[in-house]
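Hello,

Here is the structure we talked about handing over. Please have a look at it first, then read the notes below.

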Amino acid sequence: MELLHAKLDRSNNQTPSIFDMQTPESNAVLIATGLNKTFPGDHGGLNIFNNISIHADAGESIAIIGPSGAGKSTLLSILAGLDEPSQGSIELLGQSLTGLDEESRAELRSNHISFVFQSFQLLPELTALDNVQLALEIQGHPEPLKQAGYWLNRVGLEQRHQHTPAQMSGGEQQRVAIARAFATEPSLLFADEPTGNLDDKTGTEIIDQLFELNQQLNTTLILITHDASLAQRCQRRLQLHNGQLLEL
Amino acid sequence: MRPKQLINLALKQSRSDLRTFEWRALLLALLLATTLATFLTLLGNQLENGLSRQSASVLGADLTLSDSKPVSQDDIATADALKLQHTKVVQFSSMLSTEEQILLSSIRAVEAPYPLRGELRTDPPQSTPIPRPGTAWAEQQLLQRMGVEVGTTISLGYSSFKITAAIISSPDRGNGFRSFSPQLLINRQDLEATRVVQPGSRIGYRTLFSGTEPQIREYAAQLSEDLTPQQRLWSVYADQPMAAGALTNASSFLRMTSLFGLLLCGLLITLSLRRYSSAQYRRSALLKCLGLKPKQVLHLYLIKLIFGWSLAAILGSLISIILLQLTGSLLQTILPAGLPAPDYRLSAVGPLLSLALLLVIGFSPLLQISRIPVMGLLRRDQLSHQGLSWPARLTILLLTGVVIAFYLGSAINALVAILLTVGTILVAGVFASLFLPPAGRFLARYSRLGRLLGFRIRQQRQWHRIQLGIMSLLLALLSSLLLSQTELVNRWREQIPQDTPNQFVINIQPWELEPLSEFLQQAGLSPNLYPMIRGRITLINDQLPADVLTPEQLQHNSLRRELNLSWAAQAPKHNQVIAGKWWPTDTPDNLISVEQELAESLGLKLGDTVGFEIAGQKLSATVSNIRQVEWRSFRPNFYLIFSPKAMEQYPQTYITSFKLSGEQAELSRELLKQFPALTLIDVSQWIDQASELITRLIQASTLILGLTLCAGLLLVQLLLYQELEQRRHENALLQVLGSTPGQTRRLDLLEFALLGFTSGAMAAVLAEIVTGLISYRLLNLPLILHPSIWVLLPLTGCAVFTLGTLISRRRSGYQQLRQT
Ligand SMILES: Nc1ncnc2c1ncn2[C@@H]1O[C@H](COP(=O)(O)OP(=O)(O)OP(=O)(O)O)[C@@H](O)[C@H]1O
Ligand SMILES: [Mg+2]
């Protein structure tokens, strides 16, 4: 309830950006059609995948699996607007990415998209609290400190607010990363092997947390994994193989 | 993200960056650049203010006319017509003596009103503007050197003066060498009685004028229309600097010394920024991933750089002011007038220079940071930077050149410096690297490590060249600076032969000839006494010089001022006749013997006639022979010597020189007592005064050298650190392939020791070239080699690199531990 208020406050205080205007009739947050990626090189370049289409609804959880080198990370960065497809179009939250400049993409990310990485990617000079707060400050949240504290508590790091990444275990660092990812209340969360650097037990705890928040906040989850048990818990599983995407 | 939050983040990051080597190196480079530039600018300004700027309070007037003759009545009449105030000053060098001490000093005889501008401050303060007749005011340095106090009586020529006050500061100290000697101020009325001013004595006459600006400008314009070669004008409204030869040279030496330091700092800033920025790619990608806009990333890093710069600016200014106090106290003791405070507004120069360097050099790395693609976070390999294009590199080099040119005030100097630096690095690097493969093959014969080394030498050729080039240049410049500092003055002194006279006696009047010869003979000295007559060349082969000589020839000193002429029956023993024959003792003709260099400059041949004007009379003489003169012999030497008959009727004084050993010091006091009007010049005091000045300046430049050295060592460390970091991966690979960690470490050490050794050897070659050029081209000293640096430099290079490797290894190992 408190959260909802925070979100409402924010949309009242801020001038609404173009991305706040979702099409009400469709529930889709991500629609990609006819994606093709070829890296330039000799012999016509290196083709990674062809004619891939994905459709993701709000709150859905999707796992992308596939052998190493298949192009999973490449696909993810294209879906998130970090990289350009060679062909095809992407619509994020009803907004076409084609022709969107760097600035607008940055704004889109800070308001609606979060990432979780295999290697945590926290800023080493900042405390856990500062790391989370930073994302909120970039977003322009009215109460970044309060919100950051709330989210750290929520991932079970009440005692670790003032610790720097070097003072925390891998699992704890990933929790900070998850707190940072959810604190901005994104519509979409991309994760590239979030448990890749963790042992099984810690990995499971992290996954539990991810899905819990995915349920509670209705955040669309798109994650890459090699971990079969993690893939199993997602609503949909897509396999990238030989440049084709198959729904399993 | 709001600006305040951006600043906060920048602050936090800068603080934590302090732990990283590259951020520290960057800050240190900025600090060094700021300190060097500020210090040099302030020091230069101080020297300029102290010695060459003609402010009214330095001149003691608005306009000063100096001459070797008293001012003409006409000039005074014109000044009166323009309602200018004026006063006359006579200045000359003479020996002062007390019972215990004699001292070469500069005497100023003045008349009231004096000075016309500025203030003469004395201790105790005096009620009269100038000393009363019979009294004198002495500069504090004079009192110190003679070991006397206010109230003592000292002798000058035939008179004695009671010192009634010490001069704290005084305008109108004169210029050139005279102004370096400690000064004594006496009343003009007493001058006659001292009998030191005789026809033929070397005296400076100055007339000071003051008035309104239009009056002064008009008068100066009138005077400058027909200035004689002996006359000089100094005006507060004109911008011709007073010549202070030695000091101008010294301060340009200081600037060149600092230029190298600045270039090193520029290089350091470039390299540390590059390292810094590549260490920031991941962080920047992450910030962008969180939604920070590229422009904001750029701003964030700009703010960080500005933070770093402010820190360097504040610290650098403080340090340079402390250094200035140090040099101030070094120079204070030799400049009797002391150094004025510099214009502290100029302390902005250093910070501005380093800011300009930082922005020029830093712009493209910052741009790269802000443009780093976010997807790099998903793939490790993509966070490398794309290198700069050649046009971008050239632009940066050019802009750096412009910044440095601004600082030096000369585009040519900056261009030459940059081209020389880059060129030398390239050439030295390529040459030195030729030495590596044979060395590798040689070592390979003895150990397995040697074979691995050979592999590495082949693989790292490019990097080795750059490293060798930079290191060789660095060592070469540092050692040449050190060598020239310690060596040049000493060598110049050693050049002076053992029996070189150290006492000159001038202004000997004809009636003193006999008693003086007797006096000297009794003391066991039998020096020659040479007559001296002053005159100028007016005609060459009965034509005006302007009609027969080229413009360059007309610039020759001998045509622009009065010459010291002499006559002799026999050729001087220390001169050698190289063309023609010396005349018979009793020749009735007007003949001259011409010094070789003068004969060449004016194109004089045997049999040519030269016309002279001596004491207002015309005289013509024929060139009978040409002589070679060793000017460094410190004996009286003359460009022109006449046959005895020719000179008979002219007023003349005599000059002689001899050598006194330390124990004979008594003799010179006795001499002055018996012949008070003579001017005795103790050459060793003179040389001491000059070389003390040089030594102090060299000490001041050692400070700069120290700063340069810091920059250099930092640079070496940075390069090593960078290299070792890259090696970590390669070494891990070697270890996987079966080497032990100890072996890879020994391999690194061996490689760097070899690099150090090679660059040291290359540096020795470069240093010989540089010092050779300095001593041969600048000082005309014969070339000598320095075997010591052939041993020392390679060893130093070896030691620096080995130590650097050990330090960097420890640090990177430590960091690696922290990171995992
Ligand atoms: N910038 C690029 N230029 C050329 N080829 C690239 C580039 N980026 C990725 N590739 C290639 O694209 C292919 C897919 O890479 P990607 O990182 O997407 O694979 P992945 O499925 O994430 O593998 P992994 O499971 O090992 O992370 C690889 O063969 C890689 O070499
Ligand atoms: Mg991947």
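**Strands and sheet, chain A**

Strand β9 (residues 236-241) of chain A pairs with β10(A) in the antiparallel sense, over four bridges. Within this pairing, A:L240 stands opposite A:L245 in β10(A). Please keep in mind that this is a predicted model.

Both strands belong to an open sheet of six strands. The order in chain A is β6-β7-β8-β3-β9-β10, and the pairing is mixed. At the edges are β6 (113-117) and β10 (244-247) of chain A, each of which pairs on one side only. Neighbouring strands of the sheet are turned by 20° against each other on average, direction ignored.

Helix α2 (residues 72-79) of chain A packs on this sheet. The strands touched by α2 are β3 (61-65), β7 (188-192), β8 (220-224), β9 and β10 of chain A. The direction of α2 makes about 160° with that of β7(A). Helix α6 (residues 170-183) of chain A packs on the sheet too, touching β6 and β7 of chain A. For α6, the angle with the direction of β6(A) is about 170°.

There is also a hairpin in chain A, made by β1(A) and β2(A). Strand β1 (residues 28-39) and strand β2 (residues 46-57) of chain A pair in the antiparallel sense over eight bridges. A:I31 stands opposite A:H55 in β2(A). Six residues lie between the strands of the hairpin, and A:H43 takes a positive phi near 50°.

**Salt bridges**

Side chains of opposite charge can pair when their charged atoms come close. The count comes to 19 salt bridges over all chains. Some of them are described here.

- A:R160 and A:E172 meet through their side chains at 2.9 Å, N to O. A:R160 lies in the loop between α5 (144-154) and α6 of chain A, and A:E172 lies in helix α6, so the pair ties together parts that are twelve residues apart in sequence. A:R160 is buried, because its relative accessible area is 19% and the limit for buried is under 20%.
- A:R175 forms a salt bridge with A:E205, with the closest N and O atoms 2.8 Å apart. The pair links distant parts of the chain: A:R175 is in helix α6 and A:E205 in helix α7 (residues 200-217) of chain A, 30 residues apart. A:R175 counts as buried at 18% relative accessibility, whereas A:E205 counts as partly exposed at 31%.
- A:R233 forms a salt bridge with A:D208, and here the closest N and O atoms are 2.6 Å apart. A:R233 lies in helix α8 (residues 228-233) and A:D208 in helix α7 of chain A, so parts 25 residues apart in sequence are tied together. A:R233 is partly exposed at 41% relative accessibility, and A:D208 is partly exposed at 34%.

A:E60, A:R236 and A:E247 are linked in a network of salt bridges.

**Nonpolar patch, chain B**

Which residues make the nonpolar surface patch of about 850 Å²? They are B:W390, B:L394, B:L397, B:V422, B:L426, B:V427, B:F431 and B:L434. Helices α11 (390-408) and α12 (411-433) of chain B each supply at least two residues of the patch. The largest share, four residues, comes from α12(B). B:L434 is found in the loop between α12 and α13 (436-444) of chain B. B:L434 is exposed, with a relative accessible area of 56%.

Best wishes

How values were computed
Residues are numbered from 1 along each chain as its sequence is written. Chains are lettered from A and ligands numbered from 1 in the order in which they are written. This is a predicted model: local features need pLDDT of at least 70, side-chain atom pairs count only at pLDDT 80 or more; totals for chains, interfaces and linings use all residues. Side-chain values use heavy atoms; hydrogens and water are left out. Patches are made of residues with over 30% relative accessible area and no salt bridge: like charges are joined within 9 Å, nonpolar side chains (Val, Leu, Ile, Met, Phe, Trp, Tyr) within 5 Å. Accessible areas come from the Shrake-Rupley method with a 1.4 Å probe; for residues, only the protein chains shown count as cover. A salt bridge is a side-chain nitrogen of Lys or Arg within 4 Å of a carboxyl oxygen of Asp or Glu. Buried means under 20% relative accessible area, exposed over 50%, partly exposed in between (1.4 Å probe, protein chains only). Two strands pair if DSSP finds at least two bridges between them. Axes are lines fitted to C-alpha atoms, for helices over the stretch in contact, and angles run from 0 to 180 degrees between N-to-C directions. Contact means heavy atoms within 4.5 Å.
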